[in-house]
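Student: Hi! I've got a structure open and would like to talk it through. Could you help me read it?

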Amino acid sequence: MADHFFSADPASADVRRTVQARIWDRDYEFTTASGVFSRDRLDIGTAVLLREVRPTPGRKVVLDLGAGYGPIACGLAVENPDAVVWAVDVNNRALELTAINAAAAGVGDRVHPALPDDVPDDVRFDEIWSNPAIHIGKPELHKMLLRWLSRLKPGGTAWLVVGKNLGGDSLQRWLTEQGYPCDRVASAKGFRILRATATNPGGSPS
Ligand SMILES: C[S@@+](CC[C@H](N)C(=O)[O-])C[C@H]1O[C@@H](n2cnc3c(N)ncnc32)[C@H](O)[C@@H]1O
């Protein structure tokens with residue numbers, strides 16, 4: 001059976017390793033493993049997102065959509081001590097690693113690793129940050145994005161990094177068409193950084 005990083009339970013042996021990363025001027029050592037996305041280093045797309053966008057302070061509920069081993073979730077929780085961060089993934093090994101990495105970063109009490117269906121229905125988000133799983137294919141990607149964008153609070157923001165050659169520009173247009181006005185805030189190393197906003201009351205398109 002193919003062992004994709006987005007398998008619920010990767011078939012490969014759970015061989016742990018560590019990855020050093022600098023996020024928003026702080027050094028981290030993350031535990032990663034085979035069977036999770038970018039186990040050998042901070043992904044370049046994720047690094048571009050974290051370089052181009054800085055978190056803002058305030059009491060916030062934030063979603064890291066497709067958290068992997070948790071670099072975005074951990075960075076967000078460390079930078080903003082008033083934030084609660086939901087780190088959602090379909091890969092149980094990734095969720096376990098996110099919990100380990102959040103605890104190591106001292107934010108285990110505010111980072112909640114969860115399978116998509118385990119996030120309580122009434123949780124709404126001020127922000128979504130994501131290096132989304134493009135490889136699941138366009139229909140699944142669109143379904144996933146609409147599922148979570150509909151849970152943004154009115155005025156809430158989604159920050160996404162998408163490879164230009166993986167459809168970053170068409171995704172920008174599609175998000176705007178879906179009722180989430182989307183602009184490109186940066187472009188570097190072949191990646192687009194997109195900002196989509198929930199403009200309508202209730203946070204979901206009609
Ligand atoms: C491109 S990786 C990004 C991982 C991590 N945020 C990082 O920057 O290293 C996308 C992640 O999305 C997860 N994923 C795939 N399908 C998903 C879904 N339907 N809902 C949530 N996460 C999903 C994958 O398991 C993978 O960990």
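Student: Which strands does helix α1 lie across?

Tutor: Helix α1, residues 44–52, lies across β7, β8 and β9 (191–197), and runs at about 135 degrees to β7. Helices (H or I, at least four residues) and strands (E, at least two) are DSSP runs, numbered from the N terminus. Angles run from 0 to 180 degrees between N-to-C directions, with axes fitted to C-alpha atoms, for helices over the stretch in contact. This is a predicted model, where local features need pLDDT of at least 70 and side-chain atom pairs count only at pLDDT 80 or more, while totals for chains, interfaces and linings use all residues. Residues are numbered from 1 along each chain as its sequence is written.

Student: Which residues of α1 are buried?

Tutor: They are Gly-45, Thr-46, Ala-47, Val-48, Leu-49 and Leu-50. Buried means that 20 or more other C-beta atoms, placed from the backbone, lie within 10 Å of a residue's own. What covers them includes β1 (16–23), α2 (71–79), β7, β8 and β9.

Student: New topic: in what order do the strands of the sheet come?

Tutor: The 7 strands form an open sheet in the order β5-β4-β3-β6-β7-β9-β8, with mixed pairing. Its edge strands, β5 (111–114) and β8 (182–188), each pair on one side only. Strands pair if DSSP finds at least two bridges between them.

Student: And in what sense do β6 and β7 pair?

Tutor: Strands β6 (residues 125–130) and β7 (residues 152–163) pair in the parallel sense over 5 bridges. Within that pairing, Glu-127 stands opposite Thr-157 in β7.

Student: Good. Where does pLDDT stay under 50?

Tutor: Over residues 202–206, for which the model has 13 contacts beyond four places in sequence. pLDDT is the predictor's confidence in each residue, from 0 to 100. Where pLDDT is low, the predicted coordinates should not be read in detail.

Student: What is the mean pLDDT of the protein?

Tutor: The mean is 93, and 94% of the residues reach 70 or more.

Conventions:
Contact = placed C-beta atoms within 7 Å. Buried ≥ 20, exposed ≤ 12 C-beta atoms within 10 Å, placed from the backbone.
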